[in-house]
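Subject: Structure handover

Hi there,

Here is the structure I promised to pass on. Please open it alongside this note, and take your time with it.

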Amino acid sequence: MKHEKSLGANEILQLIFTYLTEVSFLRNYDDILMVLANMGRALSSSDRCSVWIVDREKQEIWTKVAHGIDAIRIPVDSGIVGSAIATGEKIIIDDVYKDDRFNPEIDKKTGYHTKSMMVIPMFDNDNEIIGAFQAINHIHGDVFDEMDMQRLMLASTYAAETLLSAKLTNEIAETQKEVVFTMGAIGESRSKETANHVKRVAEYSKVLALAYGMDEKEAELLKQASPMHDIGKIAISDAILKKPGRFNDEERKIMDSHAELGYKMIKNSQRALLKAAAIVAYEHHEKYDGTGYPRGLKGDEIHIYGRITAVADVFDALGSDRVYKKAWNDERIFKLFRDEKGKHFDPKLVDLFFKNIDKFLDIREKFKDVYNESIEIKTKDIKKIKILGAYGSRAKGFGTTSFLLNDKNLIDAGNILATLDEQSVEVENIWITHSHLDHISDIAYILDNYYHLRTKPLNIMALPQTIDSIKECFFNDSIWPDFSKIPMYNSDEYSLTYTKIELDKEYKISDTESVKAFETDHTIVSCGYIYKKGNDSVLITSDTHSLDNVLKIIDETPEIKSMVLECSFPSNMSQLAKDSKHLTPKLLFDFLKNLKRGDLNLYINHIKPTYLDEIVKEIEQFRGFWSPIILKDEDFINF
């Protein structure tokens with residue numbers, strides 16, 4: 001095993017880059033602290049690492065030590081960390097029990113024995129101390145040395161910049177919300193729409209206004225007013241506005257009220273711009289045939305501003321990626337506009353839309369979403385997996401197992417609709433670990449809900465015994481229709497196909513990606529998968545009890561950078577875990593003691609929601625030097 005002490009400069013930078021890439025996907029300040037602490041631990045070869053933050057207002061320092069655990073707060077001048085913050089000096093101590101500043105009470109409460117320690121203050125751009133990095137106990141049994149100190153200093157430098165940026169971003173976001181509310185601009189920061197949505201709608205609206213015959217002045221007025229079409233959304237609660245799936249009837253009623261709410265906010269203004277904006281807000285969801293809302297206006301009863309904005313808004317919404325759906329292709333969008341001519345949309349405007357389609361496409365290209373584009377550029381070589389479902393049982397707010405490898409490939413199908421929704425029509429292959437219902441349930445729902453939209457069969461990749469079970473017990477014309485005998489909506493191909501796979505055989509899913517199954521220990525025939533992209537891999541076990549085979553594979557496969565292991569029950573249910581072939585925190589970390597490598601990221605999934613709090617505490621208790629990340633629905637694994 002290659003310890004951090006022998007890492008070269010390029011490998012150190014790659015390690016930092018990996019952690020900071022993970023930070024770039026985070027928005028929660030506590031989560032950022034945890035990832036930075038993990039980076040410090042890896043670079044300094046320490047057993048534990050904490051990032052302490054100075055709270056000047058309360059004259060305290062605080063740290064977030066683990067997911068699910070409350071922050072620890074102590075007076076700003078307390079202990080060894082407080083001493084480093086007060087003096088601005090770096091500290092290395094070989095035996096903290098010989099240092100008068102050390103408080104042994106925490107060790108007594110936790111049962112953990114602190115021996116060696118390093119502390120490095122963090123500074124902002126004005127050379128003010130904002131916190132400190134604290135590393136505890138060298139993992140190789142040594143004391144810390146100057147090389148360890150230099151690497152922790154490197155971590156602290158990057159961490160300080162990251163924390164300052166995160167704080168500034170939060171402050172700017174809050175200021176923007178106040179300005180948006182006060183000035184009447186659209187609540188983009190709360191909406192599910194993308195950053196440049198309103199810019200594109202504004203430009204599209206002006207193109208249509210000029211084509212319709214408006215003069216330059218009025219067309220420009222509509223351009224300036226159209227970004228306020230969804231102003232009413234700032235009055236809709238986050239619980240509804242940011243819901244990733246479909247709305248129920250009550251939620252839809254509340255959501256639809258945003259048109260009237262927006263109108264009422266600005267209707268009394270005497271300014272021409274806000275008068276126009278009030279019309280746009282009120283009428284852009286009306287439909288030409290009278291079936292729209294909020295008033296069911298029909299034809300020319302709908303103001304031309306509302307009719308134009310409706311075309312612009314729908315075109316952009318359909319053609320843009322969202323967190324909750326994939327963009328439609330142009331052919332599908334154009335078909336909808338032809339079908340909705342005289343129904344949803346003013347027929348004259350539909351004709352003008354197609355006459356000016358090149359201008360629309362040029363605008364879409366010019367104002368591509370900056371956020372998405374920059375992420376793509378920065379992460380073109382970064383590998384990531386989106387967690388659609390992370391838990392071992394379904395409950396409100398908790399989905400069962402499913403991993404999105406790329407647009408066309410999933411591992412397991414426990415929670416697809418709630419996270420992908422219509423984007424699931426793009427999925428072509430689902431790699432099934434075993435036939436238990438919580439791993440296959442949404443196969444049926446994406447076939448059933450989006451039957452008319454699918455253009456390719458859905459293919460189940462699994463071991464022969466798993467396929468036989470799914471055919472016999474699930475898609476059997478008794479529990480669900482046998483979709484393997486039902487032709488697709490617009491094709492003679494059947495809706496569902498099956499491919500039997502072999503253990504330890506590598507299957508290519510793109511030029512740079514592959515999937516390989518390995519045997520796991522469960523109550524029925526089951527497998528885990530190794531997903532490889534480029535030169536790096538992630539191992540995902542799904543349900544299992546014994547990890548002997550898993551540890552052997554990891555020790556023999558250096559390109560595996562991360563492992564996703566299950567942990568279903570608390571440790572006092574070890575007999576149930578054994579009988580049902582699952583793991584507890586104690587069993588999990590007992591197995592990991594036999595792993596020869598220590599250079600992997602550890603992710604934990606499949607926790608039963610009922611026992612979540614108890615299991616989180618036990619993971620902290622038994623984790624040893626590991627810094628596990630407990631997966632949640634819609635998290636990302638970066639490797």
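This is a predicted model: local features need pLDDT of at least 70, side-chain atom pairs count only at pLDDT 80 or more; totals for chains, interfaces and linings use all residues.

Residues are numbered from 1 along each chain as its sequence is written, and side-chain values use heavy atoms, leaving out hydrogens and water.

Helix α11 (residues 272-283) packs against helix α12 (residues 304-318) at an angle of about 60 degrees, with the axes 8 Å apart. The contact (heavy atoms within 4.5 Å) is made by Ala276, Ile279, Val280 and Glu283 of α11 and by Tyr305, Gly306 and Thr309 of α12.

Now the rings: the structure holds 21 aromatic pairs (rings of Phe, Tyr and Trp, the last by its six-membered ring, with centres within 6.5 Å; planes under 30 degrees apart count as stacked, over 60 as edge-to-face and the rest as tilted). One of them is the stacked pair of Phe337 and Phe353, at 4.7 Å centre to centre and 20 degrees between the planes. Phe337 sits in helix α13 (residues 330-339) and Phe353 in helix α14 (residues 347-355), 16 residues apart. Both Phe337 and Phe353 are buried (under 20% relative accessible area; exposed is over 50%, partly exposed in between, with a 1.4 Å probe and protein chains only). Tyr204, Phe315, Phe334, Phe337, Phe345, Phe353, Phe354 and Phe360 form one aromatic cluster.

Happy exploring!

Notes: Axes are lines fitted to C-alpha atoms, for helices over the stretch in contact, and angles run from 0 to 180 degrees between N-to-C directions. Helices (H or I, at least four residues) and strands (E, at least two) are DSSP runs, numbered from the N terminus.
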